[in-house]
Amino acid sequence: MTAPPTTPNAPANSEERYYNYAYLDEQTKRMIRRAILKALAVPGYQVPFGSREMPVPYGWGTGGIQLTAAIIGPDDVYKCIDQGADDTTNAVSIRRFFATVADVATTEDTGAATIIQSRHRIPERPLEDGQVMVFQVPQPEPLRGLEPRETETRAMHAYAEYGLQYVSLYENISAFGRIAGGAGYPVLIDERYLMSPSPIPKFDNPKMDMCPAILLFGAGREKRIYAVPPYTRVRSLDFEDYPFEVQSWEQCCALCAATDSYLDEVVLDDQNNRMFVCSDSNHCATRRAQGHAGPMAGHSLAHLDEEPAQ
Amino acid sequence: MATQTALDLSQLLPGFADPTRESQAAFRAIMNATARPGLVADLAAAPTPPAGLNRAAGAAALTLVDQDTPLWLDPGLHGSAAETWLRFHCSCPLVTAQVDANFAIIDAGSDMPALAEFNQGDARYPDQAATLIIMLPALAGGPTLELRGPGIADVTRIAPQGLSPGFWAERAELVAHFQYGIDLKLCAGDQLVSIPRTTRIITTGA
């Protein structure tokens, strides 16, 4: 079910609070804000920034958390997802963090959110004008796997020298017969900067092209911020004879029967039984509330309060 | 150029009443405007700065400028209450060489400095380029500009007043060398329009 926006019950902005609004100090926020504006001015370019220690380890979304902290205000409605799901540990923790330190209403409803922080997915529901999507990025440099030296990748971006990336895709085709790699598929922003879309499945890449929302990317450990403004061309790299294509499934979602969403495969037992369900939990719940039912709707696994079938 | 006179606090106008909340609100408006070139950001909640600055430019400075960002100030404002106000509230170093500045506050009514003299960024670090906060009499009523590029679905139009006839040609020459280029914040009254270097402009009309 889509929960309505909820106001946190803890009055985190009371006089007794011993930290600044939205956790970061004002000067850090200004530094991040300047980086965001430059990132929007040079779409796809990775702006270095002074990443701070956050109350979670690197790899748990420190880049995204710092971006959110720099932009969030009490009027925002905040949604946080991890692998598409609102109810996973990391998403719940980060959502609770901002409800506490920034006095914001939180929601699971994609349409009601003004800021959506995400690890590894873009929601199925199309993003809208006025929304800001914040991505947590482990490795901002799309070329890092091909060239370990930062000095070299900087130069490659400076001169738009992306031949190595195309060679890598070509080697994929010669080895596997297709462009392999399902997530973090490289994109070209406004036909200039090569960008890693963060490890979202390539299924989500087309959603970024001419998207009405602002897309912000933050890598805390690697200390980089980059952005895609609304209505910006985002092209997934491909070849004329090997065009870009996204994942597809023979099954529909086992719970909501969606045929157009990104599906996770869930192994059910050791008898080779499995199910495919929407990775976007809000999308799936919304559809089920509308009466859509997949082949396993009503299955015990669909109910959290019951033990899985043996 | 820094004046060495003691600061007279009784003459100093206030900055944001609630710096945390107000700078956040101002930043979101500026961020939305930067993401959507041509969109007019409303900074109506901004405090009134001293004469020489308009409210949008003052709010942009309070939101973005601090001790890490050298500021180039229009020579017409040197020694003014506006300079004192910026020094006090932003704690920013004031620089005389245009190339040293991260931010510049320019009154379009005075002599426009040569845009090429500002930092255009480095090939590897284009984010180092300067941001120019340009104060205008109004964001409407001037020659019509057609804007295209990232952040604009198709085309959008603005008509800022008070820029010299050659200004957009001078800017076009600089941003033609993308990723180099300067980013503009046009400010009039309590309104702000952002023109990043990616925006392609066609000047039409009078």
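**View 1. Glu191(A) lies in the loop that links strand S6 (187-189) and strand S7 (193-195) of chain A.** Helices (H or I, at least four residues) and strands (E, at least two residues) are DSSP runs, numbered from the N terminus. This is a predicted model, in which local features need pLDDT of at least 70 and side-chain atom pairs count only at pLDDT 80 or more, while totals for chains, interfaces and linings use all residues. Residues are numbered from 1 along each chain as its sequence is written, chains are lettered from A and ligands numbered from 1 in the order in which they are written, and side-chain values use heavy atoms, with hydrogens and water left out. Now look at the backbone of Glu191(A): its phi is positive, about 60°, although this residue is not a glycine. With a relative accessibility of 39%, Glu191(A) counts as partly exposed. The cut-offs are these: buried means under 20% relative accessible area, exposed means over 50%, and partly exposed is in between (1.4 Å probe, protein chains only).

**View 2. Seven strands of chain A form an open sheet.** Two strands are said to pair if DSSP finds at least two bridges between them. Strand S2 (residues 77-82) and strand S4 (residues 115-119) of chain A pair in the parallel sense, over five bridges. To find your place on S4(A), look for Ser118(A), which has Ile81(A) opposite it.

**View 3. Strand S9 of chain A is covered on both faces.** How many of the five residues of S9(A) are buried? Five of the five are, so the strand is largely enclosed by the rest of the structure. In a regular strand the side chains alternate between the two faces of the sheet. On one side of S9(A) you find Arg224(A), Tyr226(A) and Val228(A), and on the other Ile225(A) and Ala227(A), all of them buried. S9(A) pairs with S1(A) in the antiparallel sense over two bridges, and Pro48(A) has Arg224(A) as its bridge partner there. S8(A) also pairs with S9(A) in the antiparallel sense, over five bridges. In that pairing, Leu215(A) stands opposite Val228(A).

**View 4. Lys223(A) lies in the loop between strand S8 (214-219) and strand S9 (224-228) of chain A.** These two strands form a hairpin with four residues between them. Lys223(A) counts as partly exposed, at 33% relative accessibility.

**View 5. Asp109(A) is part of the loop between S3 and S4 of chain A.** This residue is partly exposed, with a relative accessible area of 23%.

**View 6. Helix H2 (residues 55-64) of chain B is largely enclosed by the rest of the structure.** Nine of its 10 residues are buried. Among them are Ala56(B), Gly58(B), Leu62(B), Thr63(B) and Leu64(B).

**View 7. A cis peptide bond joins Phe178(B) to Gln179(B).** Its omega is near 15°. Gln179(B) belongs to the loop between helix H4 (167-175) and strand S8 (183-188) of chain B.

**View 8. Chain B, the setting for the last two views, has four helices and 10 strands.** Read along the sequence, they follow the pattern α-β-α-β-α-β-β-β-β-β-α-β-β-β. The C-alpha trace of chain B spans about 50 × 30 × 30 Å along its principal axes. Buried residues make up 54% of its 206 residues. Where contact means heavy atoms within 4.5 Å, 68% of the contacts in chain B between residues at least 6 apart in sequence join residues at least 24 apart.
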